Amino acid sequence: MPKVATETSRKPTNPVGRNPHPNILKRNQACHQCRRRKLKCDAQKPSCSTCIRSHNHTIVHAPPGTPLPPKPTCTYDEVTETNIPAEGPKNKYERLESRINELEALLRQKQESEAATSAQNLTSTTDSTQSPLPGPSTETIAPLLVNVPLESAYIRSPEDLDALHVGIDGSYTFATDASGPVFPPTPRTSYDLVWSSWPPALPQQPLLLHLVDVFFKFHLHAHRLFHRPTFLTSLSFPPNHPKFPCSAVLHAICAAGSLYTAAVTSPPQPTFEEFPPDELFLERRRLKEQRPDSFAEQQAKYAKETIDRLNALGKDLFPVLQASIVLTWFYWPHGRWVDVFFSSAFSMRLSVPLGLNTCPPFHSITRSQRPVSILLPARTVIEDEIRRNAFWLAYATERLHGYGNPWALNLDDQDISQLLPVRGEEFDRGHLVLPQDRQWAHTKNVLLENPEQVTDSFTLYIKSSILMSRVKTFNLRFRARHSTGDATVASVSQETSERVDPRHSPAFIELDYIIDSFTATFPSRCRNPIMNNILDSHLYTAWQMPHVCSIILHDPHANIQHLGCISAMKILRAARSILDLVYSVCSTSFDITLLEPFCLASWFCAGHVLARFLQAAQDSNIPDQCATLQAELGFLHTALMKQGERIPLASRFAKMLDNLIATRQASESNARTPFPDIDGIIGLDTLDTIDTQPSLARS
């Protein structure tokens with residue numbers, strides 16, 4: 001039979017507070033003499049057994065007459081005896097973890113209270129004009145640097161940022177002297193920690209965080225090129241940590257973010273005394289200015305140097321691509337067209353060896369020792385989507401900035417077999433969307449099929465860029481394709497050797513149909529870029545692109561002298577559709593200086609068309625149409641000048657529009673005979689009679 005457990009057997013074998021090995025001493029429990037001689041000690045008091053044996057051995061073997069102490073010398077550390085039982089390892093770790101959680105909760109509470117106080121005291125003047133795009137939390141940046149007014153005076157140097165004095169009502173006060181603004185000192189922010197390995201060319205951490213913050217808050221594409229939570233988290237690492245952002249990316253962000261803050265200096269507004277507004281090579285003017293580089297220009301140079309160095313070494317190639325894209329975003333609004341051209345071209349060409357223009361299973365069938373992509377496979381869904389977004393942003397930037405020039409593109413659309421981006425909320429969550437549930441860019445009807453479950457404003461923005469690319473490619477290749485007998489560009493009408501009219505060719509008619517039908521296929525929630533006084537910047541740009549495409553396609557064939565010319569009617573309708581979008585955005589509280597630079601180009605494109613019709617109306621002596629067209633051009637000019645308060649490119653377009661009107665008044669009246677009556681001009685009421693694309697084949 002089994003034995004009944006006795007009282008002794010019920011006792012724990014290792015009760016709390018009792019050493020399971022009584023012969024093993026704790027740290028510093030042995031006596032000083034045994035520790036010094038490195039002997040085993042039993043810690044008996046007043047004298048341990050080792051010291052007693054040593055003392056007895058000394059007495060026995062000591063020479064006669066040697067003075068010896070009567071008792072062994074055995075001393076211990078003064079340790080306060082407690083009856084508290086020793087804490088087990090598991091309980092110890094639990095207490096530490098609980099304490100850590102408690103401290104983290106207190107820290108979060110402190111940060112939230114500071115952020116709430118800062119938000120209450122600081123009222124930015126841009127809150128009523130900025131787009132409600134999601135921005136980083138105020139916890140990620142020093143409270144002093146949140147909501148810096150865009151129209152405040154420039155600070156002389158980044159070091160003066162800490163001297164900015166913020167009033168209780170959110171106003172900014174400055175003291176001035178002959179050399180510029182001088183600011184009273186303010187208390188230090190919570191970012192007192194300075195990393196010893198901080199890159200010397202980067203601004204100090206508070207200023208860097210401020211520039212990153214305004215970049216994500218105000219730039220149209222920032223939250224697509226980077227996954228904002230991941231990027232902001234990486235900034236908390238020391239600079240030598242592998243997850244810390246690449247310095248080229250940070251320099252480029254500092255340059256691009258300078259447009260949205262008064263905390264740093266930006267390049268001055270252009271002057272047109274010695275150089276025309278459409279000057280390509282601005283470096284000629286820059287050499288004559290004899291001024292030091294602004295903060296933004298310095299950061300752009302640092303970014304370019306770092307990009308070249310890392311590209312030559314083959315390091316951080318995807319961050320190099322991101323930095324190059326951001327750097328293009330800095331060059332474009334400043335009208336640095338040479339830099340825009342080369343930077344965007346570099347981004348597109350770099351994306352090819354990175355394998356971003358294609359996606360499995362549409363890789364090349366060629367057997368090669370070179371891999372399809374020199375990048376390692378993406379580790380997460382977010383990383384994979386960031387790469388895809390980076391390619392499409394490089395693609396859109398390269399297509400849009402050069403839509404009006406006659407130069408070839410850097411990557412053929414036929415070499416792109418990539419998935420379109422996922423919707424914004426899926427990208428932010430890192431949600432995996434399978435390829436069978438998405439759209440491919442190379443499918444035939446991708447522009448006219450916009451399912452609501454896979455389409456958002458950014459997807460439509462990319463599709464509009466693809467449409468722009470197709471129109472430009474058609475114009476570039478038409479003559480060559482026609483000369484080789486391509487049936488898609490052969491016209492069904494009689495043609496002469498002097499002039500070939502492409503408007504009756506199947507390729508032209510198909511493009512014209514896609515342009516006219518594109519916006520009609522938008523999902524219901526994307527039918528209006530302005531809802532409840534809130535502007536969707538991606539959708540607003542996507543709505544302008546088809547109108548610009550119509551002008552590019554029809555403008556070479558528009559004869560405004562000929563009554564009933566379909567191309568003339570279409571470019572006038574497209575120009576006024578763009579003008580309607582300008583009216584719409586100016587009627588809201590949105591700050592139009594935050595629009596993409598392509599919007600400036602589209603407004604100038606509309607002004608170019610209206611200037612042609614104004615000249616024709618003046619030649620025909622039609623006062624009513626002259627007054628209408630002059631008012632429309634005046635509004636476009638005012639909108640461009642408003643943007644020119646911050647965007648140098650807008651000032652150049654406004655000046656170009658002025659010059660265009662002046663030159664047309666001087667040249668076209670001499671080159672053409674004035675119209676005898678109103679029948680020679682496309683009137684306002686004529687637009688209602690314009691049919692869709694089938695009428696083009698009948699004209």
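Trainee: Which residues are linked with Asp-384 in a network of salt bridges?
Mentor: Keep in mind that this is a predicted model. Asp-384 is joined in that network by Glu-385, Arg-388 and Arg-438.

Trainee: What makes Glu-297 and Arg-291 a salt bridge?
Mentor: The cut-off is 4 Å between a side-chain nitrogen and a carboxyl oxygen. Here the closest N and O atoms are 2.9 Å apart, so the pair qualifies.

Trainee: Why is Glu-297 called buried?
Mentor: Buried means under 20% relative accessible area. Glu-297 has 9%, so it counts as buried. Its partner Arg-291 has 23%, so that one is partly exposed.

Trainee: How do you know that Lys-642 and Glu-645 form a salt bridge?
Mentor: Same test: their N to O distance is 3.5 Å, and that is within 4 Å, so they pass.

Trainee: How do you know that the span of helix α15 agrees with what it should be?
Mentor: Helix α15 has 13 residues, 506–518, and at 1.5 Å a residue it should span 18 Å. Its end C-alpha atoms are 18 Å apart, so the two agree.

Trainee: Which residues of α15 are buried?
Mentor: Among them are Ala-507, Phe-508, Leu-511 and Asp-512.

Notes. Residues numbered from 1 in each chain as written. Predicted model: local features only at pLDDT ≥ 70, side-chain atom pairs only at ≥ 80, totals over all residues. Heavy atoms only, no water. Helix = DSSP H or I, 4+ residues; strand = E, 2+ residues; numbered from the N terminus. Expected span 1.5 Å × (residues − 1). Buried < 20%, exposed > 50% of the residue type's maximum accessible area, 1.4 Å probe, protein only.
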